[in-house]
Amino acid sequence: MGTKKEWYKLSDRATELLNRKATKRFEDAKDEAARHGFDELNVLEVTRTLYQDLQADNQSVFLELAQERYQETEPHGEEPPDLAWALALLAAYNAVTKVIYDNEVDRKRQYTAEGINSSTAKVTEFRRGLHYWADLTATYSDIVTDESTLKAYRDAGVRRVRWVTAGDEKVCETCRERNGKVYPINAIPPKPHRRCRCIWEAVK
Ligand SMILES: [Zn+2]
């Protein structure tokens with residue numbers, strides 16, 4: 001339903017599942033790189049495969065999340081998000097992962113140039129990568145949740161929504177000011193910060 005408690009439940013579950021998968025993938029990639037003595041070319045290849053796999057995991061779980069969230073949203077229409085919808089939404093996301101990957105490659109090249117080649121440094125790199133990835137996944141789970149909810153509303157003919165905060169002490173100043181305000185569904189101000197737990201109620 002559209003209640004506060006339910007809104008991000010599927011999102012949190014998807015994030016948890018993806019982070020478990022990512023932890024395993026980073027662990028395996030690190031082991032694989034270690035087996036080759038963190039040889040530069042091998043690390044690049046392992047990292048490339050790693051990010052491809054991570055992206056594929058996220059894509060399929062996010063699509064499921066979007067479809068389930070659509071169905072549980074009230075009211076909802078009759079066109080649940082499909083792969084094309086998910087891909088369009090994640091296009092921005094893919095751009096972000098591309099940046100991460102390029103940065104990783106750059107940083108590794110820099111490390112080599114500076115002669116920082118210890119295995120400890122390499123292991124730390126993998127740990128940092130996982131941390132960053134988990135953060136990104138959580139952010140995008142929420143975006144997928146919000147966007148599939150809005151699609152459900154639009155498909156059902158909802159024209160306006162009411163901004164409702166989570167109502168706890170963590171609500172920021174901007175969100176508190178928006179609490180209770182009604183916005184046209186196509187002119188909702190963007191969420192002011194990541195992991196914002198405000199919801200939008202359909203206004204009849
Ligand atoms: Zn908020």
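1. Let's start with helix α2, which covers residues 9–35. Its 27 residues reach 39 Å from the first C-alpha to the last, close to the 39 Å expected at 1.5 Å a residue. The expected span here is 1.5 Å times one less than the number of residues. Helices (H or I, at least four residues) and strands (E, at least two) are DSSP runs, numbered from the N terminus.

2. A word on the source before going on. This is a predicted model, in which local features need pLDDT of at least 70 and side-chain atom pairs count only at pLDDT 80 or more, while totals for chains, interfaces and linings use all residues. Residues are numbered from 1 along each chain as its sequence is written.

3. Which residues of α2 are buried? They are S11, A14, T15, L18, A22, A29, K30 and A33. Buried means that 20 or more other C-beta atoms lie within 10 Å of the residue's own; 12 or fewer makes a residue exposed, anything in between is partly exposed, and C-beta atoms are placed from the backbone. The cover over these α2 residues includes α3 (40–72) and α5 (119–155). After α2 comes G37, with a positive phi near 60°.

4. For the chain as a whole, the secondary structure comes to 6 helices and 3 strands, in the order α-α-α-α-α-β-α-β-β along the sequence. Of the 204 residues, 25% are buried. Among contacts between residues at least 6 apart in sequence, 75% join residues at least 24 apart; a contact means C-beta atoms, placed from the backbone, within 7 Å.

5. Now to α3, whose 33 residues reach 48 Å between the first and last C-alpha, close to the 48 Å expected. Its buried residues are V43, V46, L50, L54, N58, F62, L63, L65, A66, R69 and Y70.

6. How do α3 and α5 lie relative to each other? Their axes come within 9 Å and cross at roughly 25°, and the two helices are therefore roughly parallel. Axes are lines fitted to C-alpha atoms, for helices over the stretch in contact, and angles run from 0 to 180 degrees between N-to-C directions. Angles under 35 degrees count as roughly parallel, over 145 as roughly antiparallel, 65 to 115 as roughly perpendicular and the rest as oblique. By class, the contact of α3 with α5 has 10 nonpolar, 6 polar and 3 charged residues. Ala, Val, Leu, Ile, Met, Phe, Trp, Tyr, Cys and Pro count as nonpolar, Asp, Glu, Lys and Arg as charged, and the others, Gly among them, as polar. On the α3 side, the residues taking part include L54, F62 and Y70, and on the α5 side W133, Y140 and V144 are among them.

7. The pairing of α2 with α5 has an angle of about 160° and axes 9 Å apart, so these helices are roughly antiparallel. Their contact divides into 14 nonpolar, 9 polar and 3 charged residues.

8. As for α5 itself, 37 residues at 1.5 Å a residue should span 54 Å, and the end C-alpha atoms are 53 Å apart, which agrees. G157 follows α5 and has a positive phi, near 90°.

9. Finally, a look at V182 in strand β2 (residues 182–184). Is V182 buried or exposed? It counts as exposed, because it has 11 C-beta neighbours inside 10 Å. Leaving aside neighbours within four places in sequence, V182 is in contact with R160, R162 and V203. V164 is 18 residues from V182 in sequence and 9.5 Å from V182 in space, C-alpha to C-alpha.

How values were computed
Contact = placed C-beta atoms within 7 Å.
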